[in-house]
Amino acid sequence: VFIDGTQLSTTPNAIYQIPTYTSTATTSDVYQCFVLPSGLWTQHHITALEVVPGNRSIVHHVLVFQDSTGNCRALDNATPEIGYTNFGGVGGNGAKLIGSWVPGATPYVLPAGMSVPLAANADFVLQIHYPAGTAGLQDSTKINVFWADDDTPNRTVNIERVLSHNNATLQNGPLYIPANTVRTFVEQFTLPDGFDVSLLAVNPHMHLIGRKIKVFALSPGNPDTIPLINIPDWDFHWQGSYFFRHPIKLVGGSTLYAVAEYDNTLDNPNNPNFPLKDILAGEATTNEMMLVYFFFTTYQTSDETIDL
């Protein structure tokens with residue numbers, strides 16, 4: 001069932017909406033960043049967040065950040081148009097990812113007693129990807145934000161890009177898929193000793209050349225893998241954050257792995273190029289990415305019994 005609007009039945013504490021924006025993406029993609037002051041003068045605790053695209057036909061994806069440094073606001077003030085363009089992130093050091101939307105995504109709702117902290121006087125910053133060919137079409141994306149009472153003790157949930165093609169976690173990089181080749185890449189990251197975590201959700205991300213991806217973990221001294229997600233037939237147009245039925249405990253010293261296959265041949269029905277082209281890492285749809293985001297919190301006894 002496709003809902004044209006909110007997917008949640010309760011009323012949000014606040015709604016933040018970008019001004020009506022006309023895409024300028026003619027022959028190349030545009031990543032437009034919109035700064036929306038929260039108007040909250042004390043720290044709040046976000047328990048649920050929903051992105052509602054204003055125009056699903058042109059909104060490729062949305063990344064939601066919070067910024068309490070003022071850097072993103074300064075970038076916005078330095079440009080005459082609505083928002084500002086920035087390729088890769090939002091351009092402001094200190095901005096922290098707190099949510100996202102891609103086709104197929106649903107709102108995230110955290111368990112009771114858990115939240116993502118929102119700093120006092122922070123700005124919401126929405127980076128919206130408008131694909132080439134959408135110039136002249138309009139969008140007015142919004143976010144619905146829910147928070148707990150300020151005096152409610154909450155456990156902090158982190159949303160982090162732990163595995164990424166552009167840091168040291170990629171073991172056999174660079175992420176480069178020559179024309180007419182199939183390549184498999186591996187990423188891994190080891191948790192610090194003594195740092196036990198509860199994983200709530202996982203969000204793998206690739207583009208059109210990606211064909212399959214699986215994410216798992218290994219605990220120290222245990223040869224059995226801990227399966228986290230396996231997508232044997234990747235669909236770029238249907239992705240999101242996948243919550244586990246129950247939190248998964250990972251003890252300190254455990255290693256997270258991602259294994260992804262990329263098919264840059266004519267056997268890949270999603271290959272956008274004919275004739276075939278070499279594929280490099282990048283944020284454009286015709287580039288490739290290998291990212292895995294994790295929702296996690298510090299482990300507490302019996303977390304495994306929480307119903308997500």
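**Local features of the predicted model**

S302 is placed in the segment that follows β23. In this predicted model, the phi angle of S302 is positive, at about 75 degrees, although S302 is not a glycine. With a relative accessibility of 42%, S302 counts as partly exposed. A positive phi also occurs at N180, where the angle is near 65 degrees and the residue is likewise other than glycine. N180 belongs to the loop between β15 and β16, the latter spanning residues 181-190. The relative accessible area of N180 is 57%, so this residue is classed as exposed, the threshold being over 50%.

One runs from G173 to P174, with omega near 5 degrees, and P174 is found in the loop between β14 and β15 (176-177). Another joins F274 and P275, with omega about 5 degrees. P275 is located in the loop that connects β21 (255-264) with β22 (279-280).

The strand β14 also takes part in an open sheet of 4 strands, ordered β14-β23-β17-β20, in which the pairing is antiparallel. The edges of this sheet are formed by β14 (158-164) and β20 (242-250); each has a single partner strand, and therefore one side of each is left without a neighbour in the sheet. On average, neighbouring strands of the sheet are turned by 35 degrees against each other, direction ignored. In general, strands of a sheet pair through backbone hydrogen bonds, in either a parallel or an antiparallel manner. Between β14 and β23 (residues 291-298), which run antiparallel, there are 6 bridges. Within β23, V292 is the bridge partner of L163.

A further site of interest is T141, which lies in the loop between β11 (138-139) and β12 (142-148). The relative accessible area of T141 is 0%, and because burial requires a value under 20%, the residue is classed as buried. The surroundings of T141, apart from its neighbours within four places in sequence, include contacts with Y16, Q17 and I18, as well as with V51, V52, P53 and G54.

Note on methods
Residues are numbered from 1 along each chain as its sequence is written. This is a predicted model: local features need pLDDT of at least 70, side-chain atom pairs count only at pLDDT 80 or more; totals for chains, interfaces and linings use all residues. Side-chain values use heavy atoms; hydrogens and water are left out. Helices (H or I, at least four residues) and strands (E, at least two) are DSSP runs, numbered from the N terminus. Buried means under 20% relative accessible area, exposed over 50%, partly exposed in between (1.4 Å probe, protein chains only). Contact means heavy atoms within 4.5 Å. Two strands pair if DSSP finds at least two bridges between them. Axes are lines fitted to C-alpha atoms, for helices over the stretch in contact, and angles run from 0 to 180 degrees between N-to-C directions.
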